[in-house]
Amino acid sequence: MAAIRELKTEFLMYVDEFPGLPGNPTAETDPQLIGPTPVGFKQVGRCYGGGTFEGPKLKGTIVEACDWFTVTNGNGIVDWRGTFRTDDGVNLYIEMGGFIHNVPGSEEAPDAAMNRFMACGNPETVCEYTEYYFRTTAKIWTGDPRYAWLNGLVCVAIGEFNAGHMCYSVYAVM
């Protein structure tokens, strides 16, 4: 057997989307239901401005973002894209794609985690990110040489939907 290599990661940033909260500029749109399709139930979740991101080398605001969502056989497929602006005025383009489903090894009904996840969209509902499996990969692009180190990074994120807003802990794979 070949040698097993340890996967090392480095914390990159915490992303906190919070459209519509008092004092937060937003251009949130209503979800656009596409409905049942041959590949699952489709929805354009929402497009909005507002939120923050912060890490050891990055800090700023979410300028605009949209998410697309497909549910098939109790599994959620996430496609999220947005523009971030660093505190020093640099635009970053972010793409995230991944899955939401039951925690691996769970014996719950296939849609149990999705039902819990969707309930977390209620601003009064507090959910633990351990109640469902929400993981994405992330790509970050910019034309500014000060942040060129982000281009081509392989990133992974742990997502959570809590009290009405989405959050991601993003890690660079080293």
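I began my notes at Arg81, which is partly exposed with a relative accessible area of 33%. Partly exposed here falls between buried (under 20% relative accessible area) and exposed (over 50%), using a 1.4 Å probe and protein chains only. A word on the source: this is a predicted model, where local features need pLDDT of at least 70, side-chain atom pairs count only at pLDDT 80 or more, and totals for chains, interfaces and linings use all residues. Residues are numbered from 1 along each chain as its sequence is written, and side-chain values use heavy atoms, with hydrogens and water left out.

Next I looked up the partner of Arg81. Arg81 forms a salt bridge (a side-chain nitrogen of Lys or Arg within 4 Å of a carboxyl oxygen of Asp or Glu) with Asp79, and their closest N and O atoms are 3.0 Å apart. Asp79 is partly exposed too, at 27%.

Then I searched the whole structure and found 5 salt bridges. One of them joins the side chains of Lys57 and Glu10, at 4.0 Å from N to O. I saw that this pair links distant parts of the chain, 47 residues apart: Lys57 sits in the loop between strand 4 (52-54) and strand 5 (59-72), and Glu10 in strand 1 (residues 9-16). Strands are DSSP runs of E, at least two residues, numbered from the N terminus. Lys57 is exposed at 53%, whereas Glu10 is partly exposed at 37%.

I also checked Lys139, which forms a salt bridge with Glu95, the closest N and O atoms being 3.4 Å apart. Lys139 lies in strand 8 (residues 133-141) and Glu95 in strand 7 (residues 91-101), so this pair ties together parts 44 residues apart in sequence.

Notes
Helices (H or I, at least four residues) and strands (E, at least two) are DSSP runs, numbered from the N terminus.
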